[in-house]
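Please read the report below alongside the sequence and the coordinates of the model.

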Amino acid sequence: MAPPDAGNSSGVAVPAQDSTHLRASDWTRTLARYRQPRPSRSVFELAVTFIPFVAIWAVAWWMLSISAILSLVLALANAAFLVRLFMIQHDCGHGSLFRDRWLCDWIGRGIGVLTLTPYDVWRRTHAIHHASTGNLDRRGVGDIPTLTVSEYRQKRWLGRALYRLLRNPVFLFGVVPFYTFFLQNRLPVHLMSSGGHYWLSAMATNAAIGLVLGVIVWLGGWDVLLFVFLPTMLLAAIAGMWFFYVQHQFEETSWQHEDDWNVQEAALHGSSHYDLPGILRWITGNIGVHHVHHLASRIPFYRLPEVIADHTTLAGTSRIMLWESFRCARLHLWDEKHRRLLSFAEARTLAA
């Protein structure tokens, strides 16, 4: 089934453009024409994500009476739709799903109950991420903790050991997703000084989550949480952490100190074009076209492929294929001299 309003707004094919002459600062103006959402397309994308998610959840619940294993398999498969719901929530946070900001916010808050993510809290931290990505002097909010080679060498053995633990793939993609979505999201401690609005968002989301889980246990028992809810949520959290990692943690990314940092340059060169197979592009809401997203965050996710098709320069910028991306998991330290991410082993070789 083809989505409504597919293609550009005029219905006429737009030839690909070679924009090699454009600087990073020029792209914001160039990409402005892609910012308008198409209401029918937005409704379609929301429906083909939310309805299958609920349907598979219901079938997995029903399947528990036949086979817990089959129920578990369905729950794991449903993580794909939960990831996509999070990407739609992400677009709501940028006000790009609909022109009406109020509508975007309340759709985002509703999805936040399903993704265990207080919408207003996440929107604030994500805005900080967009405003500071690639800035060595503004690390610590909405990013993966990253040390430079010199910072790592200056730490004592305990600090090095803790950083190694944090950057270990098993810990980073196993423990951290659970901590982030199940624990950290419950209390916005990092926004204590930013007003009660964020606490209200977190507490209201927590109350809604508690109500939903209580009804589930009342109607279906604890098995539904164990074999349906938890597997879906955990796998979606792990996948989300991986995609977020690859979007900025690749070898030739960009980090600069405040005096040399520029938001457009950081967007274009510090965010990857994660060129995924078609089914993964659909599941992730085209978030792999991350450099374009950082250049123009108001572009709806379903129009990002249109940008890549129209601008060959962006299609090839910071491009990482799926099979290449797994090597990113071994990168740990930013080398300011050679301007690339290194593994711990490479950093030792440089020191020697």
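## Basis of the model

This is a predicted model, in which local features need pLDDT of at least 70 and side-chain atom pairs count only at pLDDT 80 or more, while totals for chains, interfaces and linings use all residues. Residues are numbered from 1 along each chain as its sequence is written, and side-chain values use heavy atoms, with hydrogens and water left out.

## Helix α2

Helix α2 covers residues 39–63 and has 25 residues, reaching 36 Å from its first C-alpha to its last, close to the 36 Å expected at 1.5 Å a residue; the expected span is 1.5 Å times one less than the number of residues. Helices here are DSSP runs (H or I, at least four residues), numbered from the N terminus.

Among the buried residues of α2 are Phe44, Phe53 and Trp57, where buried means under 20% relative accessible area, exposed over 50% and partly exposed in between (1.4 Å probe, protein chains only). The buried residues of α2 pack against several helices, including α3 (68–77), α10 (196–220) and α11 (222–248), with contact meaning heavy atoms within 4.5 Å.

## Alanine 236

Alanine 236 is found in helix α11 and counts as buried because its relative accessibility is 9%. Leaving aside residues up to four places away in sequence, alanine 236 touches Ala79, Leu82 and Val83.

## Annotated spans

An unreviewed UniProt entry places the feature "transmembrane region" at several spans, including residues 165–184 and 196–219; such annotations may be inferred rather than shown by experiment. Residues 165–184 are 90% helix, with end C-alpha atoms 19 Å apart, whereas residues 196–219 are 100% helix, with end C-alpha atoms 34 Å apart.

Note on methods: Helices (H or I, at least four residues) and strands (E, at least two) are DSSP runs, numbered from the N terminus.
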